[in-house]
Amino acid sequence: MQIIRPDINLDFIGKRKIAMFISALMILISLGMLAVKGLNFGIDFTGGTLVEVKFNKAPSIADVRNAISPKGYGNAVIQEFGSPEEILIRVQNREGEKSSDISTAILGGLNESFTAAAVEMRRVEFVGPQVGEELTRAGIMAVLIAMVAILLYVTVRFEFRFALGADAALLHDITIVLGLFAITGKEFTLPVIAALLTVIGYSLNDTIVVFDRIRENFAANRKRKTPEDEAIVVNNSINQTLARTLMTSFTTLLVVAALFFLGGEVIHDFAFALIMGILVGTYSSIYIASPVMMSLAGRFKGDEEAIKEMEARP
Amino acid sequence: MHSYPRWKFWLIAAVLVVSAMASLPNITSVPSWWPASLSKPMSLGLDLKGGIHLVLDVDVDKAVARSVEEDIDSARQVLRKAKILYRKLASEGLSLQLTIKKTEDVAEAEKLLKDEFNNYDAAPAINNVITLTLKPAIADETRKFAVDQAIEVIRGRIDALGTTEPVIVKQGSHRILVQIPGYEDSAHAKELIGRTAQLEFKLVDEKGDLQKALNGDIPPGDIVMYGPQKVKGNPDSAQPYLLKKRTELSGTEVSDARVSIDSRFNEYAVTLKFNSKGSRQFDRLTAAHVGERFAIILEGVVNSAPVIRERISGGSAQITGSFSPAEAHDLAIILRAGALPAPVKVVEERSIGPSLGQDSIDQGMNSIIIGAIFVLIFMGVYYKVFGLVANVALIFNMLLIVAAMSMIGGTLTLPGIAGIVLTIGMAVDANVLIFERIREELFLGKTPLAAIDGGYDKAFSTIVDANITTLIAAIVLFQFGTGPVKGFAVTLSVGILASMFTAITVTRAIVAASTERQGRIEKLSI
């Protein structure tokens, strides 16, 4: 079976203006939503307590709230988690309170109202305010360091403008995935950061494959002089790798979809971030990375030498 | 086609055998002659097997302040011995402030203190006040020691819970990670770990005026402490005591603590046994103060203040206080394990109930199986025989991941399972790259064998570049991630490395083995 034939020739580069427009629009919407609505940060970053309990039969949210009100947590965020029997209760840290005892008080209140046999502790998470700050810092650092490390690697293996093209695609992907989290109001947790880093790795993986082919074709096509020549080579390269790009994205989406639908509530948002990241990453490796790289031709000193050196490589 | 080197077949066979052997302990128990390095199953993270995960912050500065405070006593002795009169001895954070009465004594006092307190830096005296500041290196040492000691104490307390394989390790400079697998009662664990269990014996100042002291006129060298609140939340219901500041005996001298029944009131109590030094001190204390009261202070609260009726030389004491059996039991545990050198605070908790852990395992396994089946079917349909070859490599890849995780003693977490799922999708990437390249070569009119060679050779550098970038992201994640997220970075890295081996070397070997015997191939099933 073959869906995409090796001689496929779509005009990606010619449509780059439209693509750039769509991307700019998506980025603007994302940034706007991030600014207006913001991310729904989980307790990993804000600090706080999360208690997940399973009841032997579905309780009403109001009953749950009544049970924990006497303990002073009547204003907690209470929601269903996956099934009506499973309830998630979230409380923010409060100044001057021995915060690690909050979960004990909540579970105590539930046991008193519903009897201990009817309530089962599924999960207790507590993140102190200081740890929350540390995790936030570590998360931001991780994303930045990953981007710089990748910039360096691609610069060494290719050229600086390739690296910038790759990083532009990465920023594009991350912004849009973050924007989607702001729009959907899904909880932004530590695993989601892990998913973002994976998206970085994945999107890059795609981009590199295209770049690799461009480099190969540049080397085989030494006579390219004008930007038009370069555009043709780049467009051919994208077409030549198109089958692979789509196939790999498809197989990866297959498994991540399995994770999304079967992996359970705990991993749900993580899988969501991956699915969106893979979709956007696939798009950006075709429409963003290469056009940005092309538009930067001749901007950097040493480009010519770099090309010569590159062409001299086997 | 190039002839495929023999040694590579042997390498693949060896890797296959070793990884099958290393994976086996995860399915069934292995015989005793099985190589030790291949006999360990993967360990499951707390998020999969359930249990308590706590990160504790040790208030190390308190430990330092306490040690400085204790040095006041030594300073007093030094000055007394030299017959130097002092007005006030105080400590503040890292420094001791000693106010000397007569200006002519200051020089001598400075010299003496400098000799005795070589852990401190002395500043020139101002207005007869000598300030000694603990050297930073010594303070650091004290902080480090406090954490190490806290780990030992907490280990003792948790061991008393009787759970298997608790983890208690230092994290950073002043944090302790505690993991208790298979234990659910997080409230009890936190209660047990968080108590400082500071036990002190002080004499009651029988001559001092408690009423005056309560009005703020505390005699020098004395301190006011309170008993337990009789009405919860009402500080006025606690009985005040006027005590001598000096601690006569502390919990460090306790060698054993057991639950006992107090014969007089028939209630639960804890009987302490002192070590030999403590027994001597207790003996001396009781002998010298018959008829006076001494206070037993537990965690800053006066537990009781019995009258010393006679000299006690047996080296044991009893703590009473209308305990429930469980309270008495916990008190005995923490007194036996010793006091924490500094207060600890829970700064992070991630505890998982056993049912959620099992659900996560089931759901994770379902995702792996369903995801893998989808990919296997798709590859078979899309690349035919070559797809089947890639499928063999994929199954090999999963075996390798399990084997590698078992051998490096990796911990499988829920995000770790997600990493494996993701690897399944990405592992075939290398094969997709190669197969698409072979198709291109065929399209360009190459012979099947030349196309295979061309496909593998040209795709190689792309595969390496593409995988290294994903590895970079995974390594960064490992460096900055915590707990379960680290598990994701591990399985992802292992999966990527394994896929480079299986997708390139293994598939090539299979293709080589099946094409070598045929002289000419007309058409490839790709």
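Helices (H or I, at least four residues) and strands (E, at least two) are DSSP runs, numbered from the N terminus. The model is predicted: local features need pLDDT of at least 70, side-chain atom pairs count only at pLDDT 80 or more, and totals for chains, interfaces and linings use all residues. Residues are numbered from 1 along each chain as its sequence is written, while chains are lettered from A and ligands numbered from 1 in the order in which they are written.

**View 1. Chain A, with 11 helices and six strands.** The radius of gyration of chain A (taken over C-alpha atoms) is 25 Å, well over the 20 Å that the globule rule (2.2 Å times the number of residues to the power 0.38) gives for 314 residues, so chain A is more spread out than a compact globule. Its C-alpha atoms fill a box of roughly 80 × 45 × 35 Å along the principal axes.

**View 2. Helix 5 of chain A against helix 12 of chain B.**

**View 3. Residues where helix 5 of chain A meets helix 12 of chain B.** Contact requires C-beta atoms, placed from the backbone, within 7 Å. On helix 5 of chain A, the residues include A:A138, A:M141, A:I145 and A:R157; on helix 12 of chain B, they include B:D465, B:I468, B:T469 and B:F480. By class, this contact has 14 nonpolar, one polar and two charged residues.

Definitions and conventions: Axes fitted to C-alpha atoms, helices over the stretch in contact; angles between N-to-C directions. Contact = placed C-beta atoms within 7 Å. Nonpolar A, V, L, I, M, F, W, Y, C, P; charged D, E, K, R; others polar.
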